[in-house]
Each structure stands twice: as structure tokens, then as C-alpha cells.
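Grab the viewer and work through them one at a time.

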Amino acid sequence: MAVVRLGVSKWFDSQNNADSLEAESACSNLILLFDASLRLLHPIMPFITDELWHAIYDGKPQQKSLALAVYPQADENQIDKTAETQMAILQDLIVSVRNLRAELKVETKERVPVEVFTEDSAIRALIDENRNALEKLANVEQVRFAESSLEKRSNVRHTARFDVRLHYEKKIDIAAEREKATKELDRIEKELESIERQLANESFVTKAPTHVVEKLRKRKEELLTLRDKLRKRLEQLGL
């Protein structure tokens with residue numbers, strides 16, 4: 001990678017930019033990522049990846065062929081469970097808003113505000129820090145926080161960590177809403193039944209890896225929360 005980094009450094013040195021060091025670091029990381037991606041893809045796309053790999057080294061790679069390069073290995077020191085959890089929460093929020101937009105048939109170009117309720121201060125801070133990105137990625141006008149539960153409101157998507165409501169005025173089909181909530185409740189009940197059956201199996205709990213059992217228990221708690229919210233939702237819809 002020395003050839004590529006040298007080229008990058010020379011280019012940024014010529015720019016006389018106060019942010020050149022930060023930009024150079026970002027560019028170098030992108031090159032490293034591209035290099036690793038080519039090595040990962042090589043078994044599936046051998047010819048084009050080998051050609052591109054030679055190109056990023058300016059025709060002077062460390063090996064004659066990409067097939068001889070070391071396959072990317074996971075670096076345990078680079079794994080950040082906290083960051084992964086935070087990213088999962090943000091992704092869940094974006095997907096929830098996009099699904100609500102699709103369900104309510106909101107025009108693609110129309111930006112509407114959303115309201116989020118969570119009892120977890122850390123999640124609220126996370127959303128607040130990333131509100132600009134969320135507004136762009138979820139195509140919403142504004143992200144606001146609700147001070148009380150959104151269970152009795154319309155246009156709401158419930159998750160185990162937060163509730164999100166899309167502020168969009170449209171006539172609601174009560175029957176369709178009941179049917180959708182009933183199907184979702186049925187799906188949750190079946191998954192919950194399956195998890196409870198596994199956790200009740202002493203042989204499984206004893207032999208299964210600890211992280212697998214803990215994951216099932218955590219998922220059970222999430223499903224119980226979702227089930228309660230959906231039951232309350234159905235009560236509000238008159239079922």
C-alpha cells in the first residue's frame with residue numbers, strides 16, 4: 001500500500017488545505033477498505049478484482065497476484081459492541097420511519113416530521129446527536145421527542161427500544177390497521193412460543209453456548225414488550 005499512500009500524500013501536500021491531514025487519513029482508510037473488499041471478492045470475481053488490485057498499487061503490488069495476498073482477518077481490537085448497538089438502533093429507527101412512509105403512501109419528495117418516544121436517556125441522546133443524518137436518511141422534515149407514550153396515537157411504529165410516530169394527516173382504515181396489528185401480534189406470539197420452548201428445554205440451556213442462551217432471553221424480553229404494546233394498540237382500535 002506504500003505506493004498508493006505516497007501518491008495520496010503528494011496530492012494532499014499540493015492542496016494547501018487546513019483539513020488536508022484529516023482528508024488524507026479518510027482517503028487512506030477508503031483505500032484500505034477497497035483493498036480488503038477486493039480480496040474478499042476475489043474468489044467470486046477473480047479477473048476484475050485482480051486487475052483493480054494491480055491498479056491501486058500503480059502496477060507494483062506486493063504479490064504477483066491477488067490470489068497470493070493474505071485474506072482479510074477480523075481484528076478483535078477493532079470490534080466495538082457499543083458502536084454496533086448504537087448503529088443498530090439508528091438503523092431500526094430509519095427503517096421504521098421508511099416503513100411508515102410506505103404504509104401511509106407518503107410521496108417520496110414529501111418531508112414530514114416524526115416524533116420519537118423512549119424512556120432510555122442514552123437512546124434519546126444518540127438520536128439527538130444524529131438527528132441531521134436521520135432527517136436526511138429517513139427523508140423527514142424534523143425529529144422531535146415526545147414526553148409521554150405514543151401508544152394511543154395513530155401512525156406509530158413500536159419497537160422494544162422506542163416508539164416513532166409519523167405526523168401525516170390521512171384517513172385511517174381502522175379495519176386494515178386491526179388486521180395488520182393482529183397479524184403482527186400473531187407473528188410475535190409464535191416467535192415467543194418458540195423461544196420459551198427452547199428456554200424450557202434444560203438440555204438445550206445446558207449444552208448451548210452462553211451467548212446463545214442470553215440472546216434468546218434478551219429477545220424474549222423484547223417480544224414481551226412488543227406484545228404488550230400491540231395488545232394495547234388493538235384495544236384502542238376496538239378489538
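Helices (H or I, at least four residues) and strands (E, at least two) are DSSP runs, numbered from the N terminus. The model is predicted, so to speak a computed one: local features need pLDDT of at least 70, side-chain atom pairs count only at pLDDT 80 or more, and totals for chains, interfaces and linings use all residues. Residues are numbered from 1 along each chain as its sequence is written, and side-chain values use heavy atoms, with hydrogens and water left out.

**Exercise 1.** Find the largest cavity and say which residues line it.

Step 1: On a 1 Å grid over the protein atoms alone, a cavity is a set of points where a 1.4 Å probe fits but cannot get out; a pocket is an open set with protein on both sides within 12 Å along at least five of seven lines; lining residues have an atom within 4 Å of a point. Grid points are joined across faces, edges and corners, and a volume is the space filled by probe spheres set on the points.

Step 2: count. One cavity of 30 Å³ or more turns up, and the largest cavity has a volume of about 40 Å³.

Step 3: list the lining. It consists of L93, V97, V114, L134, A138, V140 and V143. At least two lining residues come from each of α4 (81–103) and β2 (140–145).

Step 4: sort by class. Ala, Val, Leu, Ile, Met, Phe, Trp, Tyr, Cys and Pro count as nonpolar, Asp, Glu, Lys and Arg as charged, and the others, Gly among them, as polar. The cavity lining then has seven nonpolar, no polar and no charged residues.

**Exercise 2.** How do α7 and α9 lie relative to each other?

Step 1: axes are lines fitted to C-alpha atoms, for helices over the stretch in contact, and angles run from 0 to 180 degrees between N-to-C directions. Here the two axes come within 9 Å and cross at roughly 150°.

Step 2: angles under 35 degrees count as roughly parallel, over 145 as roughly antiparallel, 65 to 115 as roughly perpendicular and the rest as oblique. So α7 and α9 are roughly antiparallel.

Step 3: the contact residues divide into 13 nonpolar, two polar and 13 charged.

**Exercise 3.** Which residues of α4 and α5 make the contact between these helices?

Step 1: α4 and α5 (residues 121–129) pack at about 70°, with axes 11 Å apart, and are therefore roughly perpendicular.

Step 2: taking contact as heavy atoms within 4.5 Å, Q86, I89, L90 and L93 of α4 meet I123, L126 and I127 of α5.

Step 3: these residues divide into six nonpolar, one polar and no charged.
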